[in-house]
Amino acid sequence: MQTSDRQKQYWRRNMRVTLILLAIWLLATFSACFFARELNGLSVLGFPLGFYMGAQGLLLIYLAIVGFYAFYMNRLDREYGVDEGGSR
Amino acid sequence: MPDLPARLRRYFVAYTGAFVALVLLLGTLEQLGLPPRWIGWSFLFLTIILYATIGVLARTANITEYYVAGRSIPALYNGMATSADWMSAASFMGLAGTLYLAGYQGLAYVIGWTGGYVLVALLLAPYLRRFGQYTIPDFLGERYGGDSARLIGVAAVVLASFVYVVAQIYGVGLITSRFVGLQFEVGVFVGLAGILVCSFLGGMRAVTWTQVAQYVILIAAYVVPVAILSFKATGLPLPQIAYGEVLQRVEALETKIFQQPEEVEARRLYRERAEETGERIARLPESLTEERQRLSEKIGELKAGDARMRDIVVVERQRRELPQNVDAARDYWEASMEAAAERGAEPVHHATAFPGDEGRSDNARLNFLALVFCLMIGTAALPHILMRSYTTPTVADARTSVFWSLLFISLLYLTAPAYAVFAKYEIYSGLIGSSIAELPGWIASWGKVGLVSIDDINGDGRLQLAELTLNPDLIVLATPEIAGLPYVVSGLVAAGALAAALSTADGLLLTIAGALSHDLYYKIHRPQASTQWRLLVSKTMLLVVAVLGATVAAQKPASILYMVSWAFSIAAAAFFPALVCGIFWKRANQAGAVAGMLVGMLLTLYYLVRVQFDSIPWLGIHGIRMQPWFGIESLSAGIWGVAAGFVTIVVVSLLTSPPSAELQRFVRSVRYPPMQA
């Protein structure tokens, strides 16, 4: 199987979105944990912000990342005419 | 098949409706006088019969159905099954309790166990699905060629998953013994039966649909009690939103309670006791003789005076329970010193992150981060979770399925911190400061099984916060009672805990049996084996591993819960670097992967053993404890293993020749989807 240019292009776009989302994941996790003491000085919905990020905020960010990736890649699949339906 | 999704949806709605009706029916019967024991039995047996029915209906003799459910599970249901697979007895029973006891510090589990799914979604699931075979060692074997990567993979699967299975079966034993009064060992074998009825006949296909059913039960059982508590405390039955306000009330209560003079006094007394015990340990072996003598004298005095028989019996029991020899005395006194020191420690506010002076606080933060990343990578490397990417129809479904998994998992993990806060509110506002003679009944009943202990150290007859010790499991199991809810809610919680333990055990067992029968037997030992034989071997392995797991669990191994947290480190170090490099770095070769997996796994084991233990008696090794590197606890040992694994793979791969053209073609086939012209 020879890799076509379209496949390479598809892979590059896949890599780009993966890296961006991973960077968001890393940055959000790290800063929410690292600055938890400082964030606890602020308040949101009655929660100290540092606590809120650990208990809910990060989870919602993770959900958004995974959801966006699925949405983006499924759209990319359509754009590039990816044909993987029901392959066993 | 006529419109499968619609039919599935109908079944699903009918099933959920039937379950709700059952709970309401039992609730009504309770009001009419059905004894609690009967409610416990009904929940236990009706749910196991339900799982057995699904297991029998979904039986199959087809190998693809048996290993990967025919790759036909729609994303939504696959997500539901994955989350039941994922949420174990520890998530269900232990997490809220850990959050209750550790406050902010416990959130590392919430963050780590959800953030790992980002890695699964972005780096692993779609590529494993495109590869589309049967197991995780399968991928390693095909990607790196030869048998060695596959073999190490099998070893790591067995190592990481077996401890985990034992813990689940152990959990079943605990639940059944606490709620329906079965003997622990009998409970373990009920659990074994519950697991086998799902997996034996129908393999992955049966387990998947049972897990979907189990998810519904476990999430309902988890959310309902907190929703009721939330409604009682705030008028809003949405605990995830309402607990911000309650958290503020808890903080205010904490500020008040922490400073009360009797609390300060009780903590001082505990610190004193810890010091005394420490001195006693230092003066071993004389102190043991002295202690025995002291108690004997006291008994003599009591008998000479006109003391009540009851008091004499208490002291006699103390003397009888004294450790027999010096080693036992050291262990026993060290444990009681730690317990006393913990009770005497300065209490921490629930939401405070990384308490202590600057040095301790920064070290706590470092450990928090290390644990978070270790749990994330461990989550993304647990074979029974990664397996689930094989069961969807397409790559796109695998991606969507991770989203659904994370959503369903988050429902529980968003609720757990709320659970902890509501339980804390109930206990701080209703229990602390009340008279010890008039404590509610749940304290006595859970005290009997060792989950609560009370020790009136300052002798004022009132319960101080420092005098109350709770086991983490208690929070979820006893909250319905603490809040005075009807017994049917307790029964529901027990059924949920059972569902969580059984569903995880099923997934793990299939993963172990799959690795042993598919990779070890079929791929390495007898590639010419017929499908019937493979299926037979697989079922035999399932049976053997399950019985072995139950046998180990019946011994009540004390360290089992600790060992489970190691499974994450081991899986992370063994699989994550090799899998990720296998997909994203074409140059990674067999030598690199094998070396990386071995180095990662061994370094992890080395670190956690040497930081955790000072001696391994059954190997005759003593005095091996070492200072942790950068103060990282053994819990996060995987952080070193993963780093070492990546470095080793890169270095060794570059030092050896690149992978063959065939293996490079394999990498392309995993990366690039087929496209229409």
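How far apart do the C-alpha centres of domain 1 of chain B and domain 2 of chain B lie? In this predicted model, the two centres lie 24 Å apart.

**View 1. The two domains of chain B.** Chain B is divided into domain 1, which takes in 34–243 and 353–551, and domain 2, which covers 558–677. Where these two domains touch, domain 1 of chain B supplies 40 residues to the contact and domain 2 of chain B supplies 39 residues.

**View 2. The side of domain 1 of chain B that touches domain 2 of chain B.** At least two residues of this side come from each of four elements of chain B, namely α6 (107–131), α7 (136–144), α8 (148–179) and α15 (358–379). The element that gives the most is α8(B), with eleven residues. When the residues of this side of domain 1 of chain B are divided by class, 31 are nonpolar, six are polar and three are charged.

**View 3. The contact between chain B and chain A.** This contact takes 46 residues from chain B, while chain A contributes 45 residues. On the side of chain B that touches chain A, two or more residues are given by each of α6, α10 (239–259), α15, α17 (395–430) and α25 (661–671) of chain B. Among these elements, α17(B) gives the most, with twelve residues.

**View 4. The residue classes on the side of chain B that touches chain A.** Sorted by class, this side of chain B has 29 nonpolar residues, together with ten polar and seven charged residues.

Note on methods. Residues numbered from 1 in each chain as written. Chains lettered and ligands numbered in written order. Predicted model: local features only at pLDDT ≥ 70, side-chain atom pairs only at ≥ 80, totals over all residues. Domains from an automatic or database assignment. Contact = placed C-beta atoms within 7 Å. Nonpolar A, V, L, I, M, F, W, Y, C, P; charged D, E, K, R; others polar.
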